[in-house]
Amino acid sequence: MADFAFVQIDKTYSKDGYLKARLYNFGIKSHTLPQAHVAFLVKRVRPLLVNHDSVVWLRGMASSTGKAADNQKLSQRRADAVATELILQRVEPDKIVSDAVGEEFSTITVPEDAWDRAVDLIVQPGVLPKRTKPPKKVPPKPKTPPTYTVKIKMIREYSVGFGGAFGVGIICFLIWDPKLSLASYYTVQYGGLSIGVLPIPLEITGEGPWNDLTMSGRLQVNEFACSVTMQSVGGLHVSMNRLTMLALPRGITTVPQPTKIDTGVTLGASIAGREGTMRLMRLTSKRGLWRYTGGQGISALAD
């Protein structure tokens, strides 16, 4: 059994599909995964989760240096960093349960101990989070909220009207999960009712603000390819838009359905009902996943 730097495996527990380990020596005030942790997740943890009915519990920790509230948030970011890495390794999100305890179990005699800057990890086979409780010695996980929220905004829309009552066009959306710092681009090519208020056949809508997109369950940002309808009334700086996503994976729906979407300024004015298909833009990313933390910077993940 190969050893991994900065990983302590409990060999009395780790057999027959079970695994218990501590990933320690995170950087001070950092939640970045050391390469040794990544290698351990790839070689030891991923094989126990992919194509198995196993689940993994994560417990983020922090040293006692600094404020307790800051350490609580830091320990959660460390647990989330491990969860994100597992998701990027194609582990289903519903197999991952993460928690954080801040400095609660830190070493009392040593204020800054690498052993405390850690994430505890337990893999248990043959169960799902919804059907079982965490193993002993792991703090109980609060019930998973019934909804999960990401962000969506319209990047740009171009539409052309024909005969005063029909139009076609294309919309570009960006969907972002701030918790995982992942984003995906989508396009919608549509046709439908479009009654122009102004005597111009072409309408252009600029980039809009971020909108909450709440779902009845958790989806990755590259799983929103589906049929959509969108109703809009207005133009210039004032418009009302309702987006309906149909047949999302695993029976998940948006909450509410339809969802209100604020857009940018529209050059034109109309009453429109659009129907089309939301398609994932892969560009240079095979999975259509992009690293995004907000602001202007966005980069493709290595596939």
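Predicted model: local features only at pLDDT ≥ 70, side-chain atom pairs only at ≥ 80, totals over all residues.

Biologist: Okay, where does R90 sit, then?

Modeller: R90 is in the loop between α2 (68-88) and β4 (96-100). Its phi is positive, about 70 degrees, even though R90 is not a glycine.

Biologist: Is R90 buried or exposed?

Modeller: R90 has a relative accessible area of 52%, so it counts as exposed, the cut-off being over 50%.

Biologist: And what's up with phi at D16?

Modeller: D16 also isn't a glycine, and its phi is positive, near 55 degrees. You'll find D16 in the loop between β1 (7-9) and β2 (19-23). D16 is exposed because its relative accessibility is 69%.

Biologist: Switching topic: which peptide bond is cis, with omega near 0 degrees?

Modeller: That's the bond from V255 to P256. P256 lies in the loop between β12 (238-246) and β13 (259-260). Another cis peptide bond joins Q257 and P258, with omega about 5 degrees, and P258 is in the loop between β12 and β13 too.

Biologist: Now the surface. Which residues make the nonpolar patch?

Modeller: V160, F166, V168 and L202 make a nonpolar surface patch of about 290 Å².

Biologist: Where's V160, and how exposed is it?

Modeller: V160 is in strand β6 (residues 148-162). V160 has 33% relative accessibility, so it counts as partly exposed.

Notes: Residues numbered from 1 in each chain as written. Heavy atoms only, no water. Patch = residues over 30% accessible without salt bridge, like charges linked within 9 Å, V, L, I, M, F, W, Y side chains within 5 Å. Areas by Shrake-Rupley, 256 points an atom, 1.4 Å probe, with all protein chains shown as cover. Salt bridge = Lys/Arg side-chain N within 4 Å of Asp/Glu carboxyl O. Helix = DSSP H or I, 4+ residues; strand = E, 2+ residues; numbered from the N terminus. Buried < 20%, exposed > 50% of the residue type's maximum accessible area, 1.4 Å probe, protein only.
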